[in-house]
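The sequence and the structure are shown first.

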Amino acid sequence: MNSELDTLLGLLDLERIEEDIFRGRSHTAVVPRVFGGQVAAQALVAAGRTVQEDRGAHSLHAYFLRPGDPGVPIVYTVDRIRDGRSFTTRRVVAVQHGQPIFHLSASFQVHEEGLDHQAPMPEAPDPESLPSGDERLARYAEQYLSPQVADRLRQTRSAIDLRYVQEPPFATVGQVREARSQVWFRTYGKLADDPLLHVCLATYASDMTLLDSVLLAHGRGGWAVGDIVGASLDHAMWFHRPFRADEWLLYDQESPSSSGGRGLGQARIWTRDGRLAISVIQEGVMRVPRG
């Protein structure tokens with residue numbers, strides 16, 4: 001396990017300050033606002049800690065309300081909405097400076113056997129054949145708005161081995177491409193056999209690249225090059241089958257639409273052996289800077 005993954009696991013180890021109230025920390029070095037995937041993962045940790053161990057997370061629906069301040073703790077309050085025979089529902093509100101910055105609803109389910117089918121896994125090259133994330137970042141350093149941009153990207157992704165199948169949006173600015181992107185990802189090191197931990201780390205990683213497909217459709221490079229001003233609005237995930245976040249996962253992403261200053265990304269996450277593990281949908285603000 002590298003030190004960055006150890007740091008991320010520390011961020012997900014929330015402090016319990018009351019029965020259903022938790023406190024979390026953030027990266028503070030170079031990130032001007034809290035990474036959305038971190039808030040979503042921490043909120044899911046808070047929800048999961050109030051649920052029976054025999055119930056795994058099967059879905060989450062979240063709204064990003066305000067930018068998070070990395071300089072102060074985030075307080076997560078959990079409401080125990082329902083504890084049924086098969087399903088458990090939790091609502092989590094993340095608060096800073098007396099205001100909600102994030103809202104999450106999550107559902108957990110006792111394992112059941114039932115009907116089972118899935119779409120076929122798309123083709124993709126082996127992850128070992130692809131450049132590492134650091135190699136990609138170094139290759140296109142001249143594209144970024146400033147050297148701090150690369151530092152911010154590295155910090156957000158330092159615990160995750162993220163490998164683009166195609167060139168990322170910031171590498172092909174001005175070139176309109178198919179609204180589809182693929183990345184492989186896994187953590188930099190082995191994790192404990194805790195299903196909630198693997199689900200939370202996949203939630204963390206799912207916010208890194210999902211809106212790339214929107215940028216590709218318009219030849220935009222994104223915030224890293226300054227030709228788009230954006231932020232995540234909402235995020236939804238469905239966890240279909242068991243997986244490990246410390247083993248390679250293929251994130252197959254596409255954008256069916258952008259309009260009204262918003263862009264929609266949808267994706268499926270596959271295990272390396274072809275099992276559909278997760279479905280993801282996210283919408284974000286996507287505005288072209290004026291002037």
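The expected span of a helix is 1.5 Å times one less than its number of residues. The model to which this rule is applied below is a predicted one.

The same rule can be applied to α5. Its twelve residues should span 16 Å at 1.5 Å a residue, and the end C-alpha atoms lie 17 Å apart, which agrees. Ten of the twelve residues of α5 are buried, so this helix too is largely enclosed by the rest of the structure. The buried residues are L197, H198, V199, C200, L201, A202, T203, Y204, A205 and S206.

In soluble globular proteins, nonpolar side chains tend to be buried together. In this model the largest nonpolar core has 62 residues, and the members that touch the most other members are Y76, F102, L104 and I278. Helix α2, which covers residues 36-48, gives the most to this core, with eight residues. A further core lies apart from it; this one has seven residues, including W184, W248, L250 and L276.

What surrounds I278, once its neighbours within four places in sequence are left aside? I278 is in contact with A202, M237, W238, F239, H240, F243, A267, R268 and I269.

## The largest pocket

Rolling a probe the size of a water molecule over the atoms shows where empty space is left. The largest pocket holds about 1,200 Å³ of space. Its lining comprises 35 residues, and those nearest the centre are Q109, H111, F239, H240 and R241. Both F239 and H240 are also contacts of I278.

At least two lining residues come from each of β3 (55-64), β6 (99-110), α5 (195-206) and β9 (229-239). By class, the lining consists of 14 nonpolar, eleven polar and ten charged residues.

## The second largest pocket

The second largest pocket has about 950 Å³ of space. It is lined by 41 residues, with R33, W223, G230, A231 and S232 nearest its centre. The elements α2, β6, α4 (147-157), α6 (212-216), β9 and β12 (276-287) each supply at least two residues of this lining. Strand β9 provides the largest share, five residues.

In composition, the lining has 25 nonpolar, ten polar and six charged residues.

## Residues in loops

H97 is placed in the loop between β5 (87-96) and β6. Most residues other than glycine have a negative phi. The phi of H97, by contrast, is near 50°, a positive value in a residue other than glycine. Is H97 buried or exposed? Its relative accessible area is 60%, and because the threshold for exposure is over 50%, H97 counts as exposed.

S129 lies in the loop between β6 and α3 (133-139). With a relative accessible area of 53%, S129 is likewise exposed. Between S129 and L276 there are 147 residues of separation in sequence and 22 Å in space, C-alpha to C-alpha.

## Residues in strands

V95 belongs to strand β5. Its relative accessible area is 24%, and V95 is therefore partly exposed. Leaving aside neighbours within four places in sequence, V95 is in contact with P73, I74, V75 and P100. One of these, P73, is 22 residues from V95 in sequence and 8.9 Å from it in space, C-alpha to C-alpha.

D161 is located in strand β7, residues 160-164. Its relative accessibility is 4%; since buried means under 20%, D161 counts as buried. Beyond four places in sequence, the contacts of D161 are W184, F185, R186, Y188 and W248. Among them, W184 and W248 are members of the core of seven residues. From G68, D161 is separated by 93 residues in sequence and by 25 Å in space, C-alpha to C-alpha.

Terms used. Residues numbered from 1 in each chain as written. Predicted model: local features only at pLDDT ≥ 70, side-chain atom pairs only at ≥ 80, totals over all residues. Heavy atoms only, no water. Core = buried A, V, L, I, M, F, W, Y, C linked by side-chain atoms within 4.5 Å. Buried < 20%, exposed > 50% of the residue type's maximum accessible area, 1.4 Å probe, protein only. Helix = DSSP H or I, 4+ residues; strand = E, 2+ residues; numbered from the N terminus. Contact = heavy atoms within 4.5 Å. 1 Å grid on protein atoms, 1.4 Å probe; cavity = no way out; pocket = protein on both sides within 12 Å on 5 of 7 lines; lining within 4 Å. Points joined across faces, edges and corners; volume = space filled by probe spheres on them. Nonpolar A, V, L, I, M, F, W, Y, C, P; charged D, E, K, R; others polar.
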